[in-house]
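I opened the model to look up its ligand site, its fold and its salt bridges. My entries follow in that order.

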Amino acid sequence: MDALVNFTNQSQGRDRIFRASQYACALSIYLLRNNTERKDLVAKLKGLETNMSAGRKLLRLGNTANSIEAAKRTMQLSDRVLCLCLTAANVNRALYFICDNVLWAKSVGLIRSIDKERWSFNASRFYFYSLVMNLTRDVYVVLKLMVQRARDKHFREKMDQSLNQCPEVAVVIIPQVDAFVFLLLETLKSHPAVALDTVKNICDLFIPFDRLGIYKSNAGVVGFCGLISSLIGILTLAKPTLRIKP
Ligand SMILES: *[C@@H]1O[C@H](CO)[C@@H](O)[C@H](O)[C@H]1NC(C)=O
């Protein structure tokens, strides 16, 4: 079990590079869709995208075990909200990978008698739940940091100063909203790991949104958001200080 978990941790980097390429292909296909001279290139990109997606499914075979291990760890967190959000996120992620593995088995012909559409829909649903729990965690962490900041005396002085510098704005906009936005931006600026994780999760949301029919965007938006989130994923893997903890 440990060896399996270790291996999939290493293959995470590879998966993220494949994921970035997959969404870069999707975005390019969207941008080139009306260009008649580039039909060949679009066909090649489509083939590449399909292969990337299939290759990633194979690399993800051990991820269910990995998510269950992660859920066991997050269950021990002392902060109740973090414990609940992250455990729920990891359990849903494990369920997502189970659906994903079944779909892989179907695609290579290991099993036949499953309803591909239904499994694919369920995969997107579990992925969506996992993201929502991750985003709830982000909101909770941001609010907690904001409260900490607001209590900080030095910070209060700095905030008063900068809000007084632009009296017109302060009169027009309700001062509380102004102060809230200022506090939010300052908090995100001083905690880049939290900011990056939030942006990544918001970008990721567009993928299941589209598949579940909650919000129909277009292939360009999905490709773009997927690419941004994959690049953030690569960045946080390369620079662990930019990775949100726990
Ligand atoms: C939710 O967050 C965990 C921990 O940061 C991460 O491993 C997981 O991939 C995230 N889930 C999704 C669907 O991105």
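The model is predicted, so I kept to its thresholds: local features need pLDDT of at least 70, side-chain atom pairs count only at pLDDT 80 or more, and totals for chains, interfaces and linings use all residues. Residues are numbered from 1 along each chain as its sequence is written, and side-chain values use heavy atoms, with hydrogens and water left out.

I listed the surrounding residues (a heavy atom within 4 Å) as Arg93, Tyr127, Ser130, Leu131, Asn134 and Arg137. Helix H5 (residues 116-151) gives the largest share of this shell, 5 residues.

Fold. I counted 10 helices and 0 strands (DSSP runs numbered from the N terminus: helices are H or I, at least four residues; strands are E, at least two). Buried residues are 43% of the 246 in the protein (buried is under 20% relative accessible area, exposed over 50%, partly exposed in between; 1.4 Å probe, protein chains only).

Salt bridges. I found 11 in the structure (a side-chain nitrogen of Lys or Arg within 4 Å of a carboxyl oxygen of Asp or Glu). One of them joins Asp15 and Arg56 at 2.8 Å, N to O. Asp15 is in helix H1 (residues 2-31) and Arg56 in helix H2 (residues 39-59), 41 residues apart. Both Asp15 and Arg56 are buried.

Arg60 pairs with Asp100, with the closest N and O atoms 2.9 Å apart. Because Arg60 sits in the loop between H2 and helix H3 (63-74) and Asp100 in helix H4 (residues 80-107), the pair ties together parts that are 40 residues apart in sequence. Arg60 counts as buried because its relative accessibility is 7%; Asp100 does so at 3%.

Last entry: the peptide bond from Lys245 to Pro246 is cis, with omega near 0 degrees.
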